[in-house]
Amino acid sequence: MTRAIYPGSFDPITSGHLDILERADKLFDEITIAVIENPDKQTLFTAEERVSLIKKCCKHLKHVKFGSFHGLLVDYAKEKKATVLIRGLRAVSDFDYEFQMALTNRKMSPNLETVFLMTDHKYSYLSSSFVRHIAKLGGKIKGLVPAVIEKALKEKVKK
Ligand code: COA
């Protein structure tokens with residue numbers, strides 16, 4: 001049984017994240033999506049809202065579980081008995097940061113292996129902050145996020 005963890009801010013989850021998850025769902029027995037509760041980072045959606053939105057987008061995925069965490073990721077991975085840490089790579093610009101993070105996590109937890117999945121080329125430019133930004137300015141986000149997120153974003157930015 002190989003358990004994996006897919007961490008991130010997911011503010012909100014995008015079609016790019018979902019693409020990574022759909023592919024990971026075929027590779028691992030169990031994947032926990034771990035939403036970071038970061039009090040230092042101001043988010044548009046609360047951690048509970050982010051988890052609830054992710055759940056609505058992942059109903060078709062058999063191996064996916066949901067959670068949120070604060071503190072060190074390696075500790076949360078241990079708690080979940082995960083041996084694999086999944087990260088998506090969009091472009092070369094992601095590499096430095098991801099490389100540093102993978103090495104640091106390995107130093108702290110040698111049994112947790114980081115596995116990188118390449119994002120689909122359609123989403124290589126996509127990020128949650130771009131999506132938030134476009135939504136706030138009233139632009140079209142169809143296709144960049146699942147329909148349920150599109151609706152939630154429109155409602156959120158209206159407030
Ligand atoms: N498709 C679309 N967007 C993607 C993507 C994909 N496949 N992969 C990453 N992104 C985007 C995200 O939307 C996000 O965009 P934004 O910054 O515009 O909002 C950005 O890339 C960052 O991605 P995310 O996966 O949310 O990473 P993060 O840097 O916010 O968080 C953690 C990374 C949570 C894994 C890391 O901060 C962590 O582990 N924290 C816990 C503390 C800890 O253990 N620290 C030691 C780590 S060495």
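A pocket, as the term is used here, is an open set of points on a 1 Å grid over the protein atoms alone, with protein on both sides within 12 Å along at least five of seven lines. A molecule sits in a pocket if more than half of its atoms lie within 2 Å of the pocket's grid points. In this predicted model, the ligand takes up the space of the largest pocket. The model is predicted, and local features need pLDDT of at least 70, side-chain atom pairs count only at pLDDT 80 or more, and totals for chains, interfaces and linings use all residues. Residues are numbered from 1 along each chain as its sequence is written, and side-chain values use heavy atoms, with hydrogens and water left out.

**Ligand surroundings**

- The ligand has 25 residues around it, and Ser9, Leu73, Tyr97, Ser128 and Ser129 come nearest; a residue counts if one of its heavy atoms lies within 4 Å.
- This shell is made up of 9 nonpolar, 12 polar and 4 charged residues, where Ala, Val, Leu, Ile, Met, Phe, Trp, Tyr, Cys and Pro count as nonpolar, Asp, Glu, Lys and Arg as charged, and the others, Gly among them, as polar.

**Polar contacts and cover**

- Polar contacts are pairs of N or O atoms within 3.5 Å.
- A polar side-chain atom of Arg90 is 3.1 Å from a ligand oxygen atom, and a side-chain N or O atom of Ser127 is 3.3 Å from an oxygen atom of the ligand.
- At Leu126, a backbone N or O atom lies 3.3 Å from a nitrogen atom of the ligand.
- On its own the ligand has 950 Å² of accessible area, of which the protein covers 82%; the areas come from the Shrake-Rupley method with a 1.4 Å probe.

**Elements in the shell**

- Two or more shell residues come from each of β1 (3-8), α1 (15-25), α4 (92-108) and α5 (128-136); helices (H or I, at least four residues) and strands (E, at least two) are DSSP runs, numbered from the N terminus.
- The most residues, 4, are given to the shell by α4.

**The largest pocket**

- The largest pocket holds about 930 Å³ of space, a volume being the space filled by probe spheres set on the grid points.
- Its lining has 37 residues, with Pro7, Gly8, Ser9, Arg87 and Tyr97 nearest the centre; a lining residue has an atom within 4 Å of a point.
- By class, the lining has 15 nonpolar, 15 polar and 7 charged residues.
- The helix α4 gives the most to this lining, with 8 residues.

- The loop between β1 and α1 contains Phe10, whose phi is near 45°, a positive value in a residue other than glycine.
- Pro12 is found in the loop between β1 and α1, and the peptide bond from Asp11 to Pro12 is cis, with omega near 0°.

Definitions and conventions: Polar contact = N/O pair within 3.5 Å; in protein donor to acceptor, adjacent residues only side chain to side chain. 1 Å grid on protein atoms, 1.4 Å probe; cavity = no way out; pocket = protein on both sides within 12 Å on 5 of 7 lines; lining within 4 Å.
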